[in-house]
Amino acid sequence: MGNTKKIGNVVVKSVLRDMAEPIGVRKKSRAEAILEHLLEDKKKLEWDMKCHLYYLPLKFVMEYMSNENEMTAQMVKKVYCKYSIFKKVLNPTLKLFLRSIEEYGLTMPQRLSAPLLVEFEITNKCNLACKHCYANAGKEFENELSTKEAKNVLNQLKRAGVPIVCFTGGEPFLRKDLFELLEYAKRVGITIILTTNGTLITKEKAAKLKKIGVDYVRVSLDGSTAKTHDWLRGVPGAFDRTVEGIKNCVNEGIKTGVGTVLINENVHELGDIIDLTAGLGCCDINAIPLIESGRAKHTLNKEFHEISKEQKRINEKIITEKAEKYGNRMLLNFLDLDHIRKTKGFSQKFIGWAQGGCAAGRTVCVIGPNGEIRPCITMRINVGNIRKQSFGEIWKNSKVFEELKDRSLLKGKCGSCEFKYSCGGCRATAYEKYGDYLKYDPSCYMNFL
């Protein structure tokens with residue numbers, strides 16, 4: 001690949017294997033033991049001589065990466081200690097990165113031997129009719145994976161080394177075996193995210209999610225008022241049921257966040273949406289721009305509904321103010337703004353390596369209700385089917401995935417951009433606009449600064 005820097009040194013490969021090797025009774029890798037000491041001030045339990053040998057180099061790398069992202073060591077520790085999901089995925093994520101560097105060498109951004117996150121669409125069935133639905137969800141597919149097949153998928157993901165699986169849909173609560181699949185994922189050792197519209201989360205169901213040990217629930221909320229949210233979601237009364245679902249999860253002590261799609265019809269409520277999310281006790285809010293995929297192609301005209309340049313500037317001010325107000329208790333993740341903040345004026349050495357911007361087919365992929373595999377939740381390209389090939393074969397051999405992992409192949413403005421290795425643009429937006437996922441991202445936020 002054009003952006004690969006192979007590591008052939010036997011000593012370096014030996015160090016990577018040493019760092020990933022489990023030690024002591026807890027069977028945690030040396031890298032995790034060292035990071036636990038650095039991030040949680042834990043005592044050097046079960047350390048061996050190699051842990052002491054690698055301690056200072058790993059500390060230097062962590063401090064350097066923090067400085068490159070304009071973060072203090074205290075900020076890194078705070079986020080790590082507050083969000084338990086980071087602790088749970090630390091060891092498998094470290095193993096994945098170390099194994100990937102050994103297999104592929106250092107690449108920009110880092111190529112992985114398995115995705116960090118797989119979004120598992122367990123059904124296409126949905127009780128809402130969202131105007132911006134990327135999946136055009138509603139009716140259940142005739143050939144959706146059976147319970148046995150879905151469990152086999154989870155087994156394959158675990159064997160591949162995938163740290164996190166996000167159960168989504170459609171609406172996952174409409175699948176009768178949802179709790180059985182969640183329990184099975186936990187049993188095989190997978191960290192679980194559940195994405196839902198929240199309307200079906202009763203107190204009893206929230207208690208069951210807590211008992212199973214679901215690590216994080218993300219609920220879709222597209223307005224601070226019933227009028228706005230219900231208009232976008234296509235069903236009267238959805239707002240009240242969604243808010244109730246969020247409350248039920250928060251009251252059970254489940255880490256719960258909000259996901260929202262910003263368009264002209266709801267962007268005027270951005271500040272109020274953030275306030276509502278914080279008031280409900282959520283741990284974060286995630287917002288993404290509209291991608292004209294699925295139902296949105298027919299119900300929303302992107303040229304009309306896309307947020308204006310001036311509004312994007314206003315958004316940045318609102319987000320900055322709200323981050324100062326709620327930063328101690330809630331993370332604000334705004335995809336397009338975050339990309340530009342990560343690149344503008346920053347060195348790309350570690351940003352491009354560790355994050356790399358667009359994750360489609362690179363650190364993330366999707367498994368659909370019928371077993372089809374796609375690069376991301378909004379890019380409707382079928383690259384294979386898990387009923388016909390193993391997940392590992394598709395991840396490593398798909399031509400589409402191979403091209404998405406190689407930023408040297410990008411075309412147009414994205415191909416010549418100095419930030420292509422740390423951002424790369426939204427490949428789904430490029431695909432929906434031009435029918436070519438390697439072309440220029442027309443929604444690039446650089447246009448609005």
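**Group meeting: a walk through a predicted chain**

Gly-170 lies in the loop between strand 6 and helix 7, where helices (H or I, at least four residues) and strands (E, at least two) are DSSP runs numbered from the N terminus. A cis peptide bond joins this glycine to Gly-169, with omega at about 20°.

Colleagues, a word on the source. The model is predicted, so local features need pLDDT of at least 70 and side-chain atom pairs count only at pLDDT 80 or more, while totals for chains, interfaces and linings use all residues. Residues are numbered from 1 along each chain as its sequence is written, and side-chain values use heavy atoms, with hydrogens and water left out.

Let me give the overall picture. The chain contains 20 helices and 14 strands. Of its 449 residues, 55% count as buried; buried means under 20% relative accessible area, exposed over 50%, and partly exposed in between, with a 1.4 Å probe and protein chains only. Contact means heavy atoms within 4.5 Å. Among the contacts in the chain with a separation of 6 or more, 70% come from residues 24 or more positions apart.

I return to the backbone. Which phi values are positive in residues other than glycine? One is that of Glu-46, near 60°; another is that of Asn-136, near 55°. Glu-46 belongs to the loop between helix 2 (30-40) and helix 3 (49-68), and it is partly exposed, with a relative accessible area of 32%. Asn-136 is found in the loop between strand 5 and helix 6 (147-160); at 43% relative accessibility, Asn-136 likewise counts as partly exposed.

Next, the aromatic rings. Rings of Phe, Tyr and Trp (its six-membered ring) pair if their centres lie within 6.5 Å; planes under 30 degrees apart count as stacked, over 60 as edge-to-face and the rest as tilted. By this rule there are five aromatic pairs. In one of them, the ring centres of Phe-120 and Phe-167 are 6.1 Å apart and the planes stand at 40°, so the pair is tilted. This pair links distant parts of the chain, with Phe-120 in strand 5 (residues 117-121) and Phe-167 in strand 6 (residues 164-168), 47 residues apart. Are these two rings' residues buried or exposed? Phe-120 is buried, at a relative accessible area of 1%, and Phe-167 is buried at 0%. Elsewhere, Phe-391, Trp-395 and Phe-401 form one aromatic cluster.

Two rings have a charge over them, a term that applies if NZ of Lys or CZ of Arg is within 6 Å of the ring centre and within 35 degrees of the ring normal. Lys-44 lies over the face of Tyr-55, at 5.1 Å from the ring centre. The charged end of Arg-111 sits over the ring of Tyr-104, at 4.4 Å from its centre.

I turn to helix 8 (residues 203-212), whose buried residues are Ala-206, Leu-209 and Ile-212. Seen down the helix axis, these fall within an arc of 125°, so they line one face of helix 8; the arc is that of the directions from the helix axis to the C-beta atoms. On the face turned away from the buried side are the exposed residues Lys-203, Glu-204 and Lys-211. What covers the buried residues of helix 8? The cover includes helix 7 (178-187), strand 7 (191-196), strand 8 (216-220) and helix 10 (238-251). Just after helix 8, Gly-213 takes a positive phi of about 100°.

Two of those covering elements pair with each other, a term that requires DSSP to find at least two bridges between the strands. Strands 7 and 8 run parallel and are joined by four bridges, with Thr-195 opposite Arg-218 in strand 8. Four of the five residues of strand 8 are buried, so strand 8 is largely enclosed by the rest of the structure.

I finish with Glu-403, in helix 18 (residues 399-404). Glu-403 is buried, with a relative accessible area of 18%. Leaving aside residues up to four places away in sequence, Glu-403 touches Leu-409, Tyr-437 and Leu-438. With the side chain of Tyr-437, the side chain of Glu-403 makes a polar contact at 2.5 Å. A polar contact is a pair of N or O atoms within 3.5 Å; within protein, one must be able to donate a hydrogen and the other to accept it, and residues adjacent in sequence count only if both atoms are side-chain atoms.
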